[in-house]
2 protein chains.
Amino acid sequence: MAQLRIALAQVDPTVGDLQGNADLVVAWSRRAAEAGAHLAVFPEMALTGYPVEDLVLRKSFVDASIETLEVTARRLRDEGLGELAVVVGYVDRRSDVRHRVGQPSGAPLDAAALLYGGQVVVRTAKHHLPNYGVFDEYRYFIRGDRLPVVRLHGVDVAIAVCEDLWQDGGPVSVTREAGAALLVVPNASPYERFKDDVRLELCARRAREAGATLAYVNMVGGQDELIFDGDSLIVDASGELLARAPAFVEDLLVTDLDLPEAASPFTPAQTSADAHDGTVMTIDRHLVSAEPLPPYEPVEPPRAEPLDDCAEVYGALVLGVRDYVRKNGFESVILGLSGGVDSALVATIAADAIGAGNVHAVLMPSRYSSDHSITDAEELVKRQGINARTVPIRDIVEAYEADLDLHGLAEENLQARIRGNILMGLSNQHGHLVLTTGNKSELATGYSTLYGDSAGGFGPIKDVPKTLVFELCEWRNGQAGSSPRPIPQNIIDKPPSAELRPGQRDTDSLPEYEVLDALLDDYVEKDLGHDALIEAGHDADLVDRVIRMVDRAEYKRRQYPPGPKISPKNFGRDRRLPITNAWREPSARR
Amino acid sequence: MAQLRIALAQVDPTVGDLQGNADLVVAWSRRAAEAGAHLAVFPEMALTGYPVEDLVLRKSFVDASIETLEVTARRLRDEGLGELAVVVGYVDRRSDVRHRVGQPSGAPLDAAALLYGGQVVVRTAKHHLPNYGVFDEYRYFIRGDRLPVVRLHGVDVAIAVCEDLWQDGGPVSVTREAGAALLVVPNASPYERFKDDVRLELCARRAREAGATLAYVNMVGGQDELIFDGDSLIVDASGELLARAPAFVEDLLVTDLDLPEAASPFTPAQTSADAHDGTVMTIDRHLVSAEPLPPYEPVEPPRAEPLDDCAEVYGALVLGVRDYVRKNGFESVILGLSGGVDSALVATIAADAIGAGNVHAVLMPSRYSSDHSITDAEELVKRQGINARTVPIRDIVEAYEADLDLHGLAEENLQARIRGNILMGLSNQHGHLVLTTGNKSELATGYSTLYGDSAGGFGPIKDVPKTLVFELCEWRNGQAGSSPRPIPQNIIDKPPSAELRPGQRDTDSLPEYEVLDALLDDYVEKDLGHDALIEAGHDADLVDRVIRMVDRAEYKRRQYPPGPKISPKNFGRDRRLPITNAWREPSARR
């Protein structure tokens with residue numbers, strides 16, 4: 001057996017900020033070296049950030065990624081870190097493929113490289129490209145067809161990338177054929193509730209299939225809508241968990257491994273292997289150092305406990321807000337505080353994310369606002385120490401109504417839109433990011449006003465069903481310990497109301513949220529049709545009603561309206577860039 | 001040689017409206033039979049509409065598509081149309097594949113079938129799945145691997161679907177091996193400027209490769225942002241154009257073909273063939289009728305002339321507006337008429353699309369509006385006979401300013417947002433669809449107000465650069481003949497201004513549009529990077545400035561504000577439904 005100390009660098013890069021991400025790689029490589037590690041592994045596309053979307057179709061961007069990789073290799077050596085083997089994700093290209101219709105322009109690769117001694121020792125690329133859920137990688141990448149195996153201190157180390165773990169066949173299968181002792185896997189795997197359990201089980205299964213210890217390093221941080229949760233881990237060849245990093249924070253997971261020494265003397269070789277997925281891959285062998293390390297005293301591996309559901313979701317939301325604000329260059333946020341539970345939760349998340357002093361609440365009472373709305377909101381402001389001002393909207397409503405005869409829903413919407421205008425005006429004037437306070441149940445059913453309460457730059461709870469909003473408020477209050485509970489109990493206990501007409505209640509328009517959310521989960525997340533919903537136990541009339549609401553609300557879930565496409569790249573439809581995007585075209589950086 | 005009269009039914013289905021689309025197939029099959037046709041061909045997914053996006057992941061939807069196909073086959077026979085062979089696109093599924101991670105749920109197929117004598121004679125599915133530009137078919141479909149060849153009146157007819165023409169190898173290549181005389185290809189191929197030339201050249205090339213006459217039938221109509229332009233055509237085996245349908249209108253293209261008679265007696269067979277794209281396909285032979293038709297007198301095939309550029313773009317925009325309004329159940333539209341060129345063009349397109357009487361303009365002068373803005377807008381209203389009212393915004397601005405201290409950009413945006421509120425209020429009250437009037441140059445550079453001029457349900461010119469806006473106005477005026485020109489010349493001639501502060505001009509913030517649009521075309525459509533833009537002759541400072549503007553404006557082009565994803569299906573990110581969507585879950589239709 002041969003020893004090896006591995007350090008998984010669970011870092012938070014920014015999409016497009018190649019220089020900043022390279023700095024991150026160097027800084028965390030130094031931490032790894034200081035911890036005595038021999039091998040440091042960074043996440044998928046750590047140098048470019050993930051996902052880069054249409055940036056990858058631009059030659060200048062891919063050029064810069066490749067150059068940054070090579071500069072980083074030299075810089076690691078120049079800064080005394082040349083003896084540490086560093087695996088890092090970046091974007092590369094295939095130069096040997098002929099262009100054909102529909103192939104991503106420039107033939108980009110979702111690549112990873114091993115850096116050592118100032119050199120790029122080996123380059124590889126993701127073999128299995130995900131194109132489902134949040135992934136659109138057939139739009140952006142060509143598949144890789146090599147498995148690099150690098151002998152490091154007498155141990156054969158193979159490298160695969162993210163989705164290569166999720167699919168049968170390919171790099172995992174070839175790792176066994178190659179006889180590698182360790183499979184390291186850079187990932188950019190977004191958070192989803194309950195995914196952590198799936199991930200551990202998957203890593204254990206693939207480790208057994210590969211017959212190798214498996215080191216899974218995941219990105220952490222928020223990027224537009226995606227939250228990378230970290231949760232990096234290492235399992236041995238029998239699938240036993242050896243070490244695990246905490247979720248939602250940057251972390252260096254340092255673990256000592258005891259691995260089978262490579263049996264045969266090293267010979268450089270490129271051999272073909274059936275990947276058992278209908279393709280043939282090339283095993284690409286490289287040497288860094290043939291001799292095992294002299295024996296040393298191993299350290300105890302850390303093993304973070306998984307979080308419970310509310311802690312996990314709340315952690316994701318706080319990280320999402322913090323990174324969206326920071327990575328887009330804002331310092332403060334503004335939101336409408338209605339005295340209801342949604343805006344109370346958003347204010348609390350924002351205060352936890354960026355500090356109460358950077359949160360600005362606006363109370364905008366109308367003729368229909370109840371007294372408790374104002375006093376409850378004021379009480380929350382006092383408890384959390386956020387900034388607040390009051391702007392009554394009655395006179396503005398009357399100015400519109402002098403010229404326009406609006407009734408019913410049109411009048412209700414007008415109030416919400418005036419509030420949206422006030423928040424956007426203050427945002428434009430003072431530079432705060434507007435947070436919207438709508439939840440997923442509202443968004444799904446269209447129970448919101450287009451350009452009203454849906455107006456803003458970021459919606460912290462847009463993917464959170466209303467029932468979970470209540471749970472999160474209770475959970476957060478329960479974390480307060482001996483400090484005052486941040487959210488006044490009356491805000492949680494009173495019946496939800498939009499207060500856009502006298503005595504209005506959410507239940508005038510919607511079923512009870514417990515009933516609604518269960519139905520939405522089956523319809524939206526599970527794609528059940530009408531009959532299947534009824535079979536699942538939902539009330540037939542309600543199923544009809546909710547399906548109609550959800551289908552009709554689709555147009556509200558778009559911001560810039562659609563329009564006829566006449567060109568190759570219509571915004572939104574077929575030109576997609578990250579919002580959080582620090583990429584500056586080479587000379588624009590000067 | 002054997003004769004065959006083919007009818008290409010270039011129809012306009014509605015996404016999700018299976019019953020209505022089936023009615024369309026029956027009605028146009030009747031027209032084809034009345035014209036003496038032996039074979040009618042409908043577009044790709046004519047029964048479901050295209051693209052159906054996430055609807056296809058729902059079992060109830062795929063069930064309904066398959067059932068509608070079978071019912072339609074029987075109905076054609078019952079209505080006396082059983083002797084007409086009908087090829088029609090629909091959605092089917094593979095039932096013999098094992099589920100794996102990332103495979104579209106339910107294994108849907110982008111399918112086509114041939115109906116005859118009340119039966120579904122053969123079913124096939126698209127082999128090449130496009131996943132670029134507007135297409136995301138790896139998310140939604142499994143690839144087909146069969147080439148059906150049906151002997152009809154002694155002629156072997158093969159069927160391929162849309163993208164199968166655009167890729168090398170696959171069905172076109174196997175058609176030659178199968179010795180088919182005619183290849184019919186249902187398409188849903190969206191319009192793009194100048195694409196008609198590419199399409200003819202492609203069809204000619206593939207006909208030569210297949211060694212067969214090729215009948216290309218394309219969908220027509222608007223679906224959300226996509227415009228299907230029709231332009232169906234037939235080329236012979238040498239690539240010569242035989243017949244061509246007009247663009248942007250429904251049409252039945254009837255043509256007599258003189259085709260090689262099948263050489264060998266028919267035997268049902270399923271044989272394997274190398275598809276020359278790395279896959280193996282099955283040739284699937286079926287018999288409808290072995291005997292050639294008795295000789296008859298052929299009709300002269302129609303051959304529509306291609307449109308010039310402005311006619312083509314204008315036709316696409318008018319069709320896009322008409323279908324979006326109609327398919328979403330609106331009868332009228334409302335828009336702000338500023339006296340500028342953008343809103344003038346949008347009003348004119350709308351009047352051409354749905355009639356001047358259904359167009360409602362609102363003039364909303366502020367303290368900064370010039371006299372000519374109002375008189376020019378009034379002149380346009382008078383010439384076109386659209387409805388108009390005036391709502392001055394000065395008092396509403398003052399009501400906001402009583403409580404808020406807004407200056408500069410914040411004050412400019414406030415005016416645009418008040419106008420947005422007024423239009424949305426009138427829309428909510430009276431049921432008009434709000435049209436936005438922003439063009440692509442503004443949208444690209446962010447020269448617009450979020451929730452202000454960008455507020456609305458449909459943006460007719462959102463993909464039209466400003467220079468083309470001017471061209472289209474001149475072109476449309478030139479079509480007026482002896483009638484008055486619809487757009488007053490002063491609207492076209494005066495320098496563009498948003499009139500949100502005294503004496504404002506677009507050129508205060510933007511370069512001249514000729515310069516800007518050329519640069520945007522290279523940056524947005526062609527993805528050139530900074531240095532490549534300068535190499536292409538653009539001014540270096542301007543390149544820096546425009547790149548920054550375009551990159552920063554990405555957030556304005558988004559739909560519902562982004563927020564952290566925690567569930568399998570976050571709206572927008574990984575749950576995508578058509579806006580125009582007539583699908584009703586089975587019992588919701590009752």
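Hi everyone, let's start at Lys126(A), which is found in the loop between β5 (119-125) and α3 (137-140) of chain A. Helices (H or I, at least four residues) and strands (E, at least two) are DSSP runs, numbered from the N terminus. Before going on, a word on what we are looking at. This is a predicted model, where local features need pLDDT of at least 70 and side-chain atom pairs count only at pLDDT 80 or more, while totals for chains, interfaces and linings use all residues. Residues are numbered from 1 along each chain as its sequence is written, chains are lettered from A and ligands numbered from 1 in the order in which they are written, and side-chain values use heavy atoms, with hydrogens and water left out.

On confidence, pLDDT is the predictor's confidence in each residue, from 0 to 100. Chain A averages a pLDDT of 92, and 95% of the residues score at least 70. For the complex, the predictor gives an ipTM of 0.93 and a pTM of 0.94. As a reminder, where pLDDT is low, the predicted coordinates should not be read in detail.

Is Lys126(A) buried or exposed? Lys126(A) counts as buried because its relative accessibility is 1%; buried means under 20% relative accessible area, exposed over 50%, and partly exposed in between, with a 1.4 Å probe and protein chains only. Contact here means heavy atoms within 4.5 Å. Not counting residues up to four places away in sequence, Lys126(A) touches a group of residues including Glu44(A), Asp110(A), Glu137(A), Arg143(A), Cys162(A) and Asp164(A).

Two of those names come back in the record. An unreviewed UniProt entry places the feature "active site" at Glu44(A), Lys126(A) and Cys162(A). They span 119 residues in sequence, yet no two of their C-alpha atoms are more than 9.4 Å apart, so they gather at one spot. A caution on the annotation: UniProt positions are given in the numbering used here, feature names are shortened, and annotations may be inferred rather than shown by experiment.

The unreviewed UniProt entry also places the feature "binding site" at Tyr132(A), Ser189(A) and Lys195(A). Tyr132(A) sits in the loop between β5 and α3 of chain A. With 21% relative accessibility, Tyr132(A) counts as partly exposed. Which residues does Tyr132(A) touch, leaving out those up to four places away in sequence? They are Glu163(A) and Gln167(A), together with Val101(B), Gly102(B) and Arg139(B).

Ser189(A) lies in the loop between β8 (182-187) and α6 (195-210) of chain A. Ser189(A) counts as buried, at 2% relative accessibility. Neighbours within four places in sequence aside, the contacts of Ser189(A) include Lys195(A), Arg199(A), Tyr216(A) and Asp229(A).

Now the sheets. Eight strands of chain A form an open sheet in the order β13-β12-β9-β8-β7-β6-β16-β15, with mixed pairing; two strands pair if DSSP finds at least two bridges between them. Its edge strands are β13 (241-244) and β15 (270-274), each pairing on one side only. From one strand to the next, the twist averages 20°. At one end of that order, three bridges join β12 (residues 233-235) to β13(A), running antiparallel, and Val235(A) stands opposite Leu241(A).

Elsewhere in chain A, β1 (residues 2-10) and β14(A) pair in the antiparallel sense over nine bridges, with Gln10(A) opposite Asp251(A). Strand β14 (residues 251-259) is mostly covered, as eight of its nine residues are buried.

Over to chain B. How do α5 and α6 pack? Helix α5 (residues 171-178) and helix α6 (residues 195-210) of chain B pack at an angle of about 35°, with their axes 7 Å apart. Those axes are lines fitted to C-alpha atoms, for helices over the stretch in contact, and angles run from 0 to 180 degrees between N-to-C directions. Val172(B), Thr175(B) and Arg176(B) meet Arg206(B), Arg208(B), Glu209(B) and Ala210(B).

My last stop is Val362(B), in strand β18 (residues 359-363) of chain B. Val362(B) counts as buried, at 1% relative accessibility. Val362(B) and Leu337(B) are 25 residues apart in sequence and 5.8 Å apart in space, C-alpha to C-alpha.
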